[in-house]
Amino acid sequence: MTRRLLALLAMFWALGFVVFAAALPQPGPAQRTDAIVVPTGSGGRIPHGLALLRAGSAEKMLVTGVDLNVNAAEFAAEYEVAPAEMRCCLTLGFAAFDTRGNARETAHWMEQNGFASLRLVTSDWHMRRAALELSRQLPDGIAVVRDAVRTEPSLGTLFIEYHKLLIAWTVQAF
């Protein structure tokens with residue numbers, strides 16, 4: 001009985017991993033939101049968020065999880081952000097150190113600004129867990145548009161992220 005149960009669990013685990021890796025989230029629809037939220041991490045996230053902001057897809061953007069050693073001037077220089085754009089439209093969040101912290105920082109920023117909708121911009125392999133953690137922190141009624149940045153993740157990255165997602169789901173269940 002124990003062997004069959006373990007075999008069944010292993011089969012579900014393997015099938016889940018295949019589905020996770022083969023069906024990565026896609027870029028989001030062209031839809032306006034109050035805000036754009038970009039957790040720091042793999043390349044392409046911040047440039048995509050800035051392009052959306054500049055196209056008028058939202059009025060403000062939060063970059064959450066910024067390293068404490070980065071200052072606004074360095075960020076502006078790195079991503080070619082004009083001082084006026086930094087002042088009006090961008091918030092650098094320094095309070096988060098992981099995905100769960102990104103969600104807490106985002107929820108606090110959304111509440112401070114009175115926003116009712118956001119576009120979450122993160123890597124395709126990270127989107128499911130980032131959205132799950134965000135759903136735990138945001139109050140009911142906040143609309144979230146998922147906008148995955150396409151990447152070419154390694155098998156190792158997918159393997160690690162799959163297990164982090166399983167842990168996050170397990171934590172949510174209890």
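**A buried histidine and its surroundings**

I start with His126, which counts as buried because its relative accessible area is 4%, and the cut-off for buried is under 20%. Before going further, note that this is a predicted model. His126 sits in the loop between strand E4 (117-123) and H6. Leaving out residues up to four places away in sequence, His126 touches Arg45, Thr99 and Glu161.

His126 also takes us to the largest pocket. Which residues lie nearest the centre of that pocket? They are Thr40, Asp98, Thr99, His126 and Arg129, out of 19 residues in the lining. The volume of this pocket is about 250 Å³. Two helices, H5 and H7 (155-173), each supply at least two residues of the lining, and H7 gives the most, with 4 residues. By class, the pocket lining divides into 5 nonpolar, 8 polar and 6 charged residues.

How many cavities of 30 Å³ or more does a search of the whole structure find? The search finds 1. The largest cavity has a volume of about 50 Å³. Its lining is made up of Val37, Pro39, Thr64, Thr99, Asn102, Ala103, Thr106, Leu120, Ala130 and Leu134. The elements that give two or more residues to that lining are E1, helix H5 (99-113) and helix H6 (127-137). H5 gives the most here, with 4 residues. In the cavity lining there are 6 nonpolar and 4 polar residues, and no charged ones.

Now the packing. As background, nonpolar side chains in soluble globular proteins tend to be buried together. In this model the largest nonpolar core has 19 residues, and those touching the most other members are Ile36, Met61, Val63, Phe75, Val81, Met86 and Leu90. Two or more residues of this core come from each of strand E1 (35-39), helix H2 (45-54), strand E2 (60-64), helix H3 (72-79), helix H4 (83-89) and strand E3 (90-93). H2 gives the most to this core, with 4 residues. A second, separate core has 17 residues, including Ala107, Met110, Ala131 and Ala148.

Setting aside neighbours within four places in sequence, Ile36 is in contact with Gly49, Leu52, Leu53, Ala58, Lys60, Met61, Leu62, Trp109, Arg119 and Val121.

On to the cysteines. Which two residues form a disulfide? They are Cys88 and Cys89, with their sulfur atoms 2.0 Å apart. A search of the whole structure finds 1 disulfide. The link of Cys88 and Cys89 is left-handed, with -70 degrees about the S-S bond. The two cysteines fall into separate accessibility classes. Cys89 counts as buried because its relative accessibility is 15%.

One more residue, Ala30. Is Ala30 buried or exposed? Ala30 is exposed, with a relative accessible area of 88%. Ala30 is placed in the loop between helix H1 (2-22) and E1. Along the chain, Ala30 and Val145 are 115 residues apart, and 9.7 Å separates their C-alpha atoms.

I finish with the whole chain. The protein chain comes to 7 helices and 5 strands. Read along the sequence, the pattern is α-β-α-β-α-α-β-α-β-α-β-α. The C-alpha trace spans about 65 × 35 × 35 Å along its principal axes. There are 174 residues in the chain, and 42% of them count as buried. Of the contacts between residues at least 6 apart in sequence, 81% join residues at least 24 apart.

That is the tour; I will take questions now.

Key. Residues are numbered from 1 along each chain as its sequence is written. This is a predicted model: local features need pLDDT of at least 70, side-chain atom pairs count only at pLDDT 80 or more; totals for chains, interfaces and linings use all residues. Side-chain values use heavy atoms; hydrogens and water are left out. A nonpolar core is a set of buried Ala, Val, Leu, Ile, Met, Phe, Trp, Tyr and Cys residues joined through side-chain atoms within 4.5 Å. Buried means under 20% relative accessible area, exposed over 50%, partly exposed in between (1.4 Å probe, protein chains only). Contact means heavy atoms within 4.5 Å. On a 1 Å grid over the protein atoms alone, a cavity is a set of points where a 1.4 Å probe fits but cannot get out, and a pocket is an open set with protein on both sides within 12 Å along at least five of seven lines; lining residues have an atom within 4 Å of a point. Grid points are joined across faces, edges and corners, and a volume is the space filled by probe spheres set on the points. Ala, Val, Leu, Ile, Met, Phe, Trp, Tyr, Cys and Pro count as nonpolar, Asp, Glu, Lys and Arg as charged, and the others, Gly among them, as polar. A disulfide is a pair of cysteine sulfur atoms within 2.5 Å.
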